[in-house]
Amino acid sequence: MSLRINLQETIPSNVERIMQSFLEDCKTSLQNDEPHKAIHQTRKNMKKMRAFCRLLRDEIGNKNFKKTNTFYRDVARQISEERDISAMQETLIMLHDELDVQLCGQAYTDIKNHFSSRKAAVTRLRINRDRILDKVMDDLKNADKYHQKWKVKNRGFDVFAKGVEITYTRCQKAMKLAYKKKDTEHFHEWRKRCKYLRYEVDFLRDIWKEPMSTLESELHQLTDYLGNDHDLAVLKSYIQGMQYENEEAIAAIFALIDTKRKEYQKLAKPLGQRILWEAPDQFVSRLASYWKYGLKEFSIKQEQPPLAVS
């Protein structure tokens, strides 16, 4: 089932379909024979579900938004450690080709082996013994009670306008703070806000595919830059808590991490400025005009107005 707003459906039908599709995909993912793949896809889906809640927050009410958002956040936290270790492994591999092998080779191998052992231990303790995936599956059986309380009363793009405006505004503020403070915490916060905006744009992509696809693609690239920056910061922090005899090698690894982080932050800035150049109300007005264009195109093809306007 599609995970995007369809102008041929009523808004309540869209909302119900998208939330049910996410839940079904989560349940399917949790049955994957490879636990870490199951965890990755499930966490990704829950982030998107929380983004969809943000898109609707003004329509469903702040109380319903907070309850639903908190539910999916807490469920996802149960499986966060497993994914964090996988992300650090992937980030370490990314650094390999740029390291001084003579100086850092043994330290790199030791760190890599440590993560492999840690991942295996987490798998045994958290997935097999505690049956954590079964616990998540059980929690998701109760998810419907949160969505059933949602009441969608407005029509058309008005349902989503305020949610988009809030997310876009927070993206702009987070970007300014990130380059002002220049610390890991604020770049991570900007990354989170950009991911929410990226997912919201993707939900609305079919209202006018060409410009919305371009915007989503740019946001995807931006979140990749910021995601790589954050993964490097987490990797460095983790390594700092480990013991090594060869301090020179570790210092070289840290220097490479710092260099790569600066590169990603440098790449992110002009792209962020290009995406976040408008005043929030202008951005929302532009998306509203896309919605009207989509309705017009559909009505011309079908010779009748789409159901989403009623």
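Two residues are in contact when heavy atoms of each lie within 4.5 Å. Keep that cut-off in mind for this tour of a predicted model, in which local features need pLDDT of at least 70, side-chain atom pairs count only at pLDDT 80 or more, and totals for chains, interfaces and linings use all residues. Residues are numbered from 1 along each chain as its sequence is written, and side-chain values use heavy atoms, with hydrogens and water left out.

**Stop 1**

Select Leu55, which sits in helix H2; helices here are DSSP runs of H or I with at least four residues, strands are runs of E with at least two, and numbering starts at the N terminus. Is Leu55 buried or exposed? Its relative accessible area is 0%, so Leu55 is buried (buried is under 20%, exposed over 50%, partly exposed in between, with a 1.4 Å probe and protein chains only). Now show what Leu55 touches beyond four places in sequence: Val159, Phe160, Gly163, Val164, Glu200, Phe203 and Leu204.

Next, colour Phe52, Tyr72, Leu140, Phe160, Trp190, Leu204 and Trp291, the residues that touch the most other members of the largest nonpolar core, which has 93 residues. Such a core is a set of buried Ala, Val, Leu, Ile, Met, Phe, Trp, Tyr and Cys residues joined through side-chain atoms within 4.5 Å. Centre on Phe52: apart from neighbours within four places in sequence, Phe52 is in contact with Ile5, Val15, Ile18, Met19 and Phe203.

**Stop 2: the partners of H2**

Show H2 as residues 35-55 and H7 as residues 132-140; their axes come within 12 Å and cross at roughly 30°. Axes are lines fitted to C-alpha atoms, for helices over the stretch in contact, and angles run from 0 to 180 degrees between N-to-C directions. H2 and H7 are therefore roughly parallel (under 35 degrees; over 145 is roughly antiparallel, 65 to 115 roughly perpendicular and the rest oblique).

On the H2 side, select Arg43, Met46, Met49, Arg50, Cys53 and Arg54; on the H4 side, Phe65, Thr68, Asn69, Tyr72, Arg73, Val75 and Ala76. The residues of the H2 contact with H4 are seven nonpolar, two polar and four charged.

**Stop 3: along H6**

Move to Cys104 in helix H6, residues 101-129. At 1% relative accessibility, Cys104 is buried. Which residues does Cys104 touch, not counting those up to four places away in sequence? They are Leu99, Ala249, Ala252 and Ile253.

Also in H6 is His114, partly exposed at 31% relative accessible area. Outside four places in sequence, His114 is in contact with Tyr238 and Met242.

**Stop 4: Lys182**

Finish in the loop between helix H9 (158-181) and helix H10 (184-203), where Lys182 lies. Lys182 is not a glycine, yet has a positive phi of about 55°. Most residues other than glycine have a negative phi. Lys182 is exposed, with a relative accessible area of 64%.

How values were computed
Ala, Val, Leu, Ile, Met, Phe, Trp, Tyr, Cys and Pro count as nonpolar, Asp, Glu, Lys and Arg as charged, and the others, Gly among them, as polar.
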